[in-house]
Amino acid sequence: MKANKIPEVPVKYGSDALVFCDWINTTNFIAIGGRGVAKSTVIIARRSVKCVRLMPGAPIAIVADTYSNLVNNIMPAVQNGWKIDGLIEGVHYVKYKRPPLEWQRRCSVIVDDYKHVFSFWNGSVIFLGSLDNPSLLAGKSVAHLIFDEAKYASDSKAARVMPILRGDAITYGRCHLYGGVTITTDMPDVTEGEYDWFFRYASEMKPERIVRIVQAAGELNRLQLKLARANRETVPDVKKIARLEKRIDYYTEGLLKLRKGQTFFMNISSFVNIDILTVDYAKRLYNGALELHEFLKSVMGMRPGVRKDARFYVLFGDTHKYTDGTISGEAAFNCSQLRYLDPSRPLDGGMDFGNMLSLVIGQPDGRRYRVHKNFYEIPPGWFRELADQFLDFFSSHTFKTLNLYYDRSGNNFQKQGEDYAGKIKEAIEKDAAGRRTGWTVVLKSRKQATIKQNAEYDFMHELMRGENERLPLLLVDVLNCPEMVCSIEGAKAEVKHRGQQKVVAKVKKTEKLEAKKLPRLSTNFSDAFKYLMMRREWLNAAKAAPSAASGAAELAEQWMAGRFGD
């Protein structure tokens, strides 16, 4: 192209987020985006405009965590996006006031109060709603729901909002956006009290279908470019234009069918918009504006763990992990795949009983101690199902002895034969039909005292330092113990007062999460790991170490107080 030549077709540039929004544009569109992705200006603005234009007269809703955030922060950005898309306030829409009578007649629903409403020229209306004022959406029925800052909505609050999504199927049911949701947020941190209920939409996405949508949208875009050029010819070719218009209609109709009822879920970092944000913006955030934990979450879009300086197992790190534990390089499907397991020696197990059953399996390896595998069962699964997992995985293990260390609560009701420790022992030693499996389970915690959290903190500090020759060097197979690793790295510390003394404690509130979130997000597996490692001989070795003399109280004062306060 010559420098002074005017382009044949106007060129417009957009970020990846804008391209995804315009090309994929499925019924449900969920976007987890980092800072500066323009979730409001691009995604919410363009999706809401599409709803208005494709469903004239339809009611739509935009919901956020608080009404003040929605009105003062989100909607101004959305309006800016509308302006970029050609909508002008006062011409194409009005806000918070009664619209012209002609606009009202085009609306498919009766609106009595316009105080929290945006009204459009074609009769469409957008109701504003928030979690802190649920009455705003009471009794409403909308054709499409837009949900911003979704990470602040609990599962129950989100469930209360979704029923308004019903609308008029007879009038708008043909539109691919009817009955859909648009959800935007940045990456949630469940350990900080945020919510991730919208991740369930990820499993609804059909990647092959999305690829077809993108291919069809790309072809439609190419045809539209050819049509624009054909119309700009000095002498337009009428037949060529008619052919192009026919093919455009074909692809438009095909895309409608491809998109309808489909879900697109994306997690994008701030770098999708780096041409606008600039590299300097990212550098400023990385070099001091945000600490690393927040940078990884809010900019890179990575699911965060607990900040290392706030962890209970503060010294657990890469030196305690190995990734070459399986011959295939992937998670093992049975014990014969484990590179470092000795089948001629017994196994050790650590178990935690609770609303989830957690079992971790380890074995000494010279000076090292390797944790090879973890198993779990959440309701309705119980001892039988957990035992079957263990028996299936270790079916080829030669030395069929399991030394089991566990929570002392597992001994409750021992005299009545209803103790949990006895139940898991029986489930492993006998299969579902009552036949002997060949395994012997040795219960090592029958007279175990309560392990206090400050004692655990001291012990793990000493163990993970790796300098005490009387303690093993800890190694964990991350491929086969992913839930245990997540539990250890996600366990938060807090300072508690025991009389006049400060002690370090483990935050246990994650154990009250819904069952499906327990394996990776709760502290249950960290407790199973605790029982595996805190056996009598190693406890004595840790207590005898000079470094243990300071105790949890001093560590709480010197190390934790600055991070958690008094």
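Reply: Axes here are lines fitted to C-alpha atoms, for helices over the stretch in contact, and angles run from 0 to 180 degrees between N-to-C directions. Helices (H or I, at least four residues) and strands (E, at least two) are DSSP runs, numbered from the N terminus. The model is predicted: local features need pLDDT of at least 70, side-chain atom pairs count only at pLDDT 80 or more, and totals for chains, interfaces and linings use all residues. Residues are numbered from 1 along each chain as its sequence is written, and side-chain values use heavy atoms, with hydrogens and water left out.

Start with helix α12, residues 383-393. Its partner is helix α13, residues 420-429. The two pack at an angle of about 45°, and their axes are 8 Å apart. That angle makes α12 oblique to α13 (under 35 degrees is roughly parallel, over 145 roughly antiparallel, 65 to 115 roughly perpendicular, the rest oblique). The crossing of α12 and α13 is right-handed (the near helix is turned clockwise from the far one by less than a right angle).

Which residues of α12 and α13 make the contact? From α12 come Phe383, Arg384, Leu386, Ala387, Phe390 and Leu391. From α13 come Tyr420, Lys423, Ile424, Ala427 and Ile428. Contact means heavy atoms within 4.5 Å. By class, this contact holds nine nonpolar residues, two charged and no polar (Ala, Val, Leu, Ile, Met, Phe, Trp, Tyr, Cys and Pro are nonpolar; Asp, Glu, Lys and Arg are charged; the others, Gly among them, are polar).

Now the buried side of α12. Phe383, Leu386, Ala387, Phe390, Leu391 and Phe393 are its buried residues (buried is under 20% relative accessible area, exposed over 50%, partly exposed in between, with a 1.4 Å probe and protein chains only). An α-helix has 3.6 residues a turn, so residues three or four places apart point the same way.

Step back to the loop between β12 (368-377) and α12, where Pro380 is found. The peptide bond from Pro379 to Pro380 is cis, with omega near 10°.

Elsewhere, look at strand β1, residues 28-33. Six of its six residues are buried, so β1 is largely enclosed by the rest of the structure. Both faces are covered. Asn28, Ile30 and Ile32 lie on one side, and Phe29, Ala31 and Gly33 on the other. β1 pairs in the parallel sense with strand β8 (residues 263-268) over six bridges (strands pair if DSSP finds at least two bridges between them). Gly33 has Ile268 of β8 as its bridge partner. β1 also pairs in the parallel sense with strand β7 (residues 180-185), over four bridges. There, Ala31 is partnered by Thr184.

Asn25 sits in the loop between α1 (16-23) and β1. Its phi is positive, about 45°, although Asn25 is not a glycine. At 3% relative accessibility, Asn25 counts as buried.

Thr278 also has a positive phi, near 80°, and is not a glycine. It lies in the loop between α9 (274-277) and α10 (279-289). At 36% relative accessibility, Thr278 counts as partly exposed.

Last, Asn468, in the loop between α14 (453-465) and β15 (473-477). At 10% relative accessibility, Asn468 counts as buried. Leaving aside neighbours within four places in sequence, Asn468 contacts Arg367, Glu462, Ala541, Ala542 and Ala545.
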